[in-house]
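The sequence and structure are shown first.

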Amino acid sequence: MAMTSDSGRGMTIEERDAFLTSGAIFAKIAITMADGWPVMSPVWYDWLAGEQAFLVVSKERTSMVRNLRRDPRCGLLIDNPTTPYKRVSVQGEVEFLPGDFDWIPPARGMAERYLGLSGVAYAETTFEFPRVPFYVWVKKITTWNGEGFDRTFTADTTWHNAPRP
């Protein structure tokens, strides 16, 4: 599709869910440091469509985790680095999962998704290190199907509320 057509639009729910569960596109989480400076961190994720949440399993010692404990609000961007330039942008809130949450099965799944079967062996060598699993609950969301003119040339971004089930 030509990038100059008028076929650009937000994704349907089905298109969004397919985009978020296919391929190995990183999510980028935007947080603010205690001094107010914004920081972005790339993360692996699982999209939980029924819950309207992203599952992330991070390392305990990251500044991202430390700052999300201070302020659980974040931005999240998943964007296709090649054409079509699809994207999902989220305003979310983090919920840290309890210590007994079994993060290993989803971490294995993420390793396979992002690195292939050989990546699972690599990931398993790191499972002895402390991890912090958390959900990013979607509060607001906007999407783009990557076709035609970006609608924000002629209209404001449309954010949709995402009620928590």
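## Second largest pocket

In this predicted model, 15 residues line the second largest pocket, and those nearest its centre are Met-11, Arg-16, Ile-141, Thr-143 and His-160. Two or more lining residues come from each of helix 1 (13-21), strand 7 (131-144) and strand 8 (160-161). Strand 7 provides the largest share of this lining, with three residues.

The space in the second largest pocket amounts to about 180 Å³. By residue class, the lining of the second largest pocket comprises five nonpolar, eight polar and two charged residues.

## Largest pocket

The largest pocket holds about 430 Å³ of space. Its lining is made up of 20 residues, and Trp-44, Val-57, Ser-58, Lys-59 and Arg-131 lie nearest the centre of the pocket. The elements that contribute two or more residues to this lining are strand 2 (38-43), strand 4 (53-59), helix 3 (104-115) and helix 4 (117-124). Strand 4 contributes the most, with four residues.

## Composition of the two linings

In the second largest pocket, the division is five nonpolar, eight polar and two charged.

Conventions: Residues are numbered from 1 along each chain as its sequence is written. This is a predicted model: local features need pLDDT of at least 70, side-chain atom pairs count only at pLDDT 80 or more; totals for chains, interfaces and linings use all residues. Side-chain values use heavy atoms; hydrogens and water are left out. On a 1 Å grid over the protein atoms alone, a cavity is a set of points where a 1.4 Å probe fits but cannot get out, and a pocket is an open set with protein on both sides within 12 Å along at least five of seven lines; lining residues have an atom within 4 Å of a point. Grid points are joined across faces, edges and corners, and a volume is the space filled by probe spheres set on the points. Ala, Val, Leu, Ile, Met, Phe, Trp, Tyr, Cys and Pro count as nonpolar, Asp, Glu, Lys and Arg as charged, and the others, Gly among them, as polar.
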